[in-house]
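Here is a short report for a reader new to this protein. Start with the sequence and the structure below.

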Amino acid sequence: MSAQNPYHGLAFMKMHGLGNDFVVIDSRDGDAVVTPELARFLGDRNRGVGFDQLAELRPSDEGDVHLDFWNSDGSRAGACGNATRCAASYLMGLNGTDHLVLTTARGRLSARREGDLISVNMGQPQRDWAEIPLSRPVDTDALPLPGSPVAVGMGNPHAVFFVEDAEAVDVAARGAAVEHDPLFPEATNVEFAEIRARDEIRMRVWERGTGITLACGSGACATAVAAHVRGLADRRVRMEVDGGWLTLDWRDDGVWMTGPTAHVFDGVLRTGPSA
Ligand SMILES: N[C@@H](CCC[C@H](N)C(=O)O)C(=O)O
């Protein structure tokens with residue numbers, strides 16, 4: 001008879017923001033449990049639970065909670081806007097509050113409830129090549145790649161391409177090709193943005209470490225910043241992604257992102273990756 005798997009009994013939540021889906025593990029009261037192996041196991045849509053990102057909640061000295069993020073290939077991510085909004089919604093519900101402060105690898109992020117929606121301030125964009133990071137000093141407003149994307153860091157790297165027709169883009173082929181371009185030493189997320197009006201953008205995304213997703217919060221922020229930097233859009237825009245609509249507002253204190261969240265179900269693991 002085999003020994004019981006060490007992950008047997010681990011509780012998790014399944015959430016999503018605009019179809020960008022997450023497993024969320026609340027480890028505020030104990031040791032951190034997530035490893036790259038557990039992330040890959042849980043991220044497997046056939047043999048695990050399935051997610052775009054995994055978020056682990058940890059205690060925080062400088063905020064109400066600390067968040068760590070993993071992609072479904074087991075890699076770490078410094079930011080995840082939609083998971084941040086989901087975790088904020090969960091904790092505001094538990095605490096009976098309508099605002100809180102979360103810490104992530106990139107620092108303190110404020111979140112607020114706005115009626116049925118959740119807003120998070122994703123901070124000021126990084127525009128310096130070394131901060132994004134890029135592998136060498138280049139013009140971040142027009143990278144030396146076909147299509148001249150704009151490079152923006154939101155705590156994670158993004159390459160934003162402006163296109164005539166977002167529906168016509170082969171996101172999988174073009175996204176995968178750019179993700180591991182040598183210009184990005186830590187790889188990159190890739191966005192394809194069509195400007196519909198100064199206050200409306202259509203965006204499709206290829207996420208580093210995950211692939212095509214229905215939404216990417218940090219990618220939506222990066223796209224809004226890139227569109228304003230290029231002179232194509234106002235600082236406040238509505239953005240249609242494959243999973244619905246977000247509002248982005250680049251203010252003096254950072255890029256605020258507002259949209260829906262959903263807590264779909266809770267579960268308990270019976271098995272996991274072998275120890
Ligand atoms: N879906 C996310 C971004 C997740 C991280 C990304 N794939 C990375 O590796 O940087 C979001 O909502 O921001």
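## Cys80

Cys80 sits in the loop between β5 (76-77) and α2 (81-95). Helices are DSSP runs of H or I with at least four residues, strands are E runs of at least two, and both are numbered from the N terminus. The model is predicted: local features need pLDDT of at least 70, side-chain atom pairs count only at pLDDT 80 or more, and totals for chains, interfaces and linings use all residues. Residues are numbered from 1 along each chain as its sequence is written.

Cys80 is buried, with 31 other C-beta atoms within 10 Å. (Buried means 20 or more other C-beta atoms within 10 Å of the residue's own; exposed means 12 or fewer; partly exposed lies in between; C-beta atoms are placed from the backbone.) Not counting residues up to four places away in sequence, Cys80 touches Gln53, Ala55, Phe69, Gly217 and Ser218. Two residues are in contact if their C-beta atoms, placed from the backbone, lie within 7 Å.

## Cys216 and the annotated site

Cys216 lies in the loop between β13 (211-213) and α4 (217-229). Cys216 is buried, with 36 other C-beta atoms within 10 Å. Neighbours within four places in sequence aside, Cys216 contacts Asn20, Asn189, Val205 and Glu207.

## Leu18

Leu18 belongs to the loop between β1 (11-17) and β2 (20-26). Leu18 counts as buried, with 24 C-beta neighbours inside 10 Å. Beyond its neighbours within four places in sequence, Leu18 has contacts that include Asn82, Leu214, Ala215 and Pro260. From Leu18 to Ser60 is 42 residues in sequence and 27 Å in space, C-alpha to C-alpha.

## The whole protein

The protein has four helices and 17 strands. Its C-alpha trace spans about 60 × 40 × 30 Å along the principal axes.

Of the 275 residues, 44% are buried. Among contacts with a separation of 6 or more, 66% join residues 24 or more positions apart.
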